[in-house]
Amino acid sequence: MPLVLALGSNLGDRESTLRDAVRAINAVDGVSVDAASSLVQTPALKLAGVDHSAPAYLNAVVLARSALEPHALLEHLQRIEADHGRVREERWGDRTLDIDIVTFAHVLVDDELLSIPHPRAAERAFVLVPWLQLDPGAMLPGIGRAADLLAGIENDATEFEAEPLW
Ligand SMILES: Nc1ncnc2c1ncn2[C@@H]1O[C@H](COP(=O)(O)OP(=O)(O)OP(=O)(O)O)[C@@H](O)[C@H]1O
Ligand SMILES: Nc1nc2c(c(=O)[nH]1)N=C(CO)CN2
């Protein structure tokens with residue numbers, strides 16, 4: 001099944017963490033990475049709104065395929081986050097690595113562990129901008145076209161010069 005992942009980091013060596021994370025995702029049995037966006041830099045979004053005093057994020061989107069079901073995939077992604085020093089503290093707090101499942105084919109999931117499509121992707125330029133780079137026709141199933149959604153929000157993402165992630 002084709003799927004879309006959103007990666008973010010705002011602590012430590014952000015670029016090398018994201019680079020390692022893409023390799024680790026591809027190394028999961030039953031998962032293969034097809035493409036990765038360029039890196040975008042965005043100010044940290046906190047529960048109270050954008051926080052310019054917090055370290056900025058580097059974000060990227062990865063297109064992959066998975067033979068695993070979504071919950072099994074989530075467990076692997078959380079292990080990869082933990083391997084990169086991710087400590088779970090406050091919601092929307094600073095982190096070395098965050099990996100979210102944005103879409104998983106046209107599958108809809110909504111339980112206590114997992115919501116797909118990711119319920120906040122539609123409001124996040126740091127997801128929509130790199131995703132549209134890889135797929136101009138990107139759709140959030142049941143929500144809408146990524147291009148239309150991006151047109152309705154503030155786009156605070158800027159390109160970050162780096163070697164391709166994949
Ligand atoms: N689509 C999804 N991708 C990844 N995690 C998800 C998803 N839907 C629900 N979750 C759940 O969200 C929980 C909290 O994740 P996390 O701590 O990364 O949240 P957050 O990154 O602070 O906020 P946000 O979910 O808005 O990005 C995870 O333990 C996971 O069970
Ligand atoms: N700019 C930016 N802000 C965030 C991000 C992120 O990836 N980028 N992730 C968060 C937790 O999901 C909270 N805030």
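**Strands and ligands**

Analyst: Happy to! Let's begin with a pair of residues: S9 has L58 in β6 as its bridge partner. Keep in mind that this is a predicted model.

User: How do β1 and β6 pair, and over how many bridges?

Analyst: They are antiparallel, with 8 bridges between β1 and β6 (residues 57-66).

User: And which way do β1 and β7 run, with how many bridges?

Analyst: β1 and β7 also have a pairing: the two run antiparallel and are joined by 6 bridges. Within β7, I99 stands opposite L7.

User: OK, what about β3? Which strand does β3 pair with over 3 bridges, β12 for instance, and in what sense?

Analyst: Strand β3 (residues 39-42) pairs with strand β12 (residues 158-160) in the antiparallel sense, over 3 bridges. There, V40 stands opposite E159 in β12. β3 is also joined to β6 by 3 bridges, and those two run antiparallel. V40 turns up here too, with N59 as its bridge partner in β6.

User: Switching to the ligands. How many residues surround ligand 1, and which are the closest?

Analyst: There are 13 residues around ligand 1, and the closest are D100, I101, L113, S115 and H118.

User: Which element gives the most to that shell around ligand 1?

Analyst: That would be β7, with 3 residues. Both β7 (98-104) and β9 (115-116) supply at least two residues each to the shell around ligand 1.

User: How do the residues of the ligand 1 shell divide into nonpolar, polar and charged?

Analyst: The shell around ligand 1 has 6 nonpolar, 2 polar and 5 charged residues.

User: Now ligand 2. Which residues are around ligand 2?

Analyst: Around ligand 2 you'll find G8, T42, P43, A44, L45, Y57, N59, W92, D98 and F126. Two or more residues of this shell come from each of β4 (44-46) and β6. By type, the ligand 2 shell holds 6 nonpolar, 3 polar and 1 charged.

User: Last thing, what are the confidence scores? I mean the average pLDDT of the protein chain, plus ipTM and pTM.

Analyst: The protein chain has an average pLDDT of 95, and 97% of the residues score at least 70. For the model, ipTM is 0.96 and pTM is 0.96.

Key:
Residues are numbered from 1 along each chain as its sequence is written. Chains are lettered from A and ligands numbered from 1 in the order in which they are written. This is a predicted model: local features need pLDDT of at least 70, side-chain atom pairs count only at pLDDT 80 or more; totals for chains, interfaces and linings use all residues. A residue is near a molecule or strand if its C-beta atom, placed from the backbone, lies within 6 Å of it. Helices (H or I, at least four residues) and strands (E, at least two) are DSSP runs, numbered from the N terminus. Ala, Val, Leu, Ile, Met, Phe, Trp, Tyr, Cys and Pro count as nonpolar, Asp, Glu, Lys and Arg as charged, and the others, Gly among them, as polar. Two strands pair if DSSP finds at least two bridges between them. pLDDT is the predictor's confidence in each residue, from 0 to 100.
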